[in-house]
Amino acid sequence: MTTVLSDRDRLKQDDRPDETFYQEPRFVTHADDGFCDRLTALYDDVLAPGDRVLDAMSSWVSHLPATTFERVVGHGLNEAELAANDRFDEHVVRDLNAEQTLPFADGAFDAVCCALSVQYLQYPGPVFAEFARVLAPGGAVVVSFSNRMFPTKAIRAWRLASMDERADLVERYVTAGGLVVTDRITEHPEADPFFAVVGRKPAADDAE
């Protein structure tokens, strides 16, 4: 597997376990309404009715459209936030910086969403490989981000990068996981810039 980050790139100002930082719920959105509305529109374009969706590194709101999905599973670090998310059929608490695995079968999902959280991943290569594993062939990963962050918990490589360099970094994460980048979006709907990278797991016939 391609190594995306060096040990120095992975450094955080607050090196306590993430579960310590996230043990108290934060019932806020981490971007403005323009960003959130644009994200919902992107999900509406990429996701289809009946899809099985994993909302990775999520919280109490998922920004999903009103589409009826077969299954929506939440993943994150705060039990109270995940339990309050009314889009989830189920959820799981797991620290992906401590353990880069997910308790789901191969091909269990048609889409993996990761909103406003990618800046905290210290081992993105293995995590995105895990996203690829749980995706069905042809499935999509949608990673969105802005310029907001908890600076003490964001990795050094992210803190020091420009927004375009951050998008480059996310593309490298997607590729390192064995996925193919299919779209990169850069917009400014309101005060918060909207950036997103969309990737796909190769279809079974593409992999042959």
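The paragraphs that follow go from the sheet to the helices and on to the salt bridges.

This is a predicted model, in which local features need pLDDT of at least 70 and side-chain atom pairs count only at pLDDT 80 or more, while totals for chains, interfaces and linings use all residues. Residues are numbered from 1 along each chain as its sequence is written, and side-chain values use heavy atoms, with hydrogens and water left out.

An open sheet of 7 strands runs in the order β3-β2-β1-β4-β5-β7-β6, and its pairing is mixed; helices (H or I, at least four residues) and strands (E, at least two) are DSSP runs numbered from the N terminus, and two strands pair if DSSP finds at least two bridges between them. At the edges stand β3 (90-93) and β6 (180-187), each of which pairs on one side only. From one strand to the next the twist averages 15°, where axes are lines fitted to C-alpha atoms, for helices over the stretch in contact, and angles run from 0 to 180 degrees between N-to-C directions. Strand β2 (residues 71-76) runs parallel to β3 and is joined to it by 4 bridges, and G76 has V93 of β3 opposite it.

Helix α2 (residues 33-46) lies across β4 (109-115), β5 (135-145), β6 and β7 (194-200), at about 20° to β7, contact being heavy atoms within 4.5 Å. Helix α4 (residues 124-134), in turn, lies across β1 (52-56), β4 and β5, and runs at about 140° to β5.

Side chains of opposite charge can pair when their charged atoms come close. The whole structure holds 10 salt bridges, each a side-chain nitrogen of Lys or Arg within 4 Å of a carboxyl oxygen of Asp or Glu. One of them joins E187 and R38, with 2.7 Å from N to O, and this pair links strand β6 to helix α2 across 149 residues of the chain. E187 is partly exposed at 33% relative accessible area, whereas R38 counts as buried at 18%; buried means under 20%, exposed over 50%, and partly exposed in between (1.4 Å probe, protein chains only).

In another salt bridge the closest N and O atoms of E90 and R71 are 3.4 Å apart, and the pair links strand β3 to strand β2, 19 residues apart. D168 and R184 also meet in a salt bridge, at 2.6 Å from N to O; D168 lies in helix α6 (residues 163-176) and R184 in strand β6, so the pair ties together parts that are 16 residues apart in sequence. Finally, D106, E130 and R133 are linked in a network of salt bridges.
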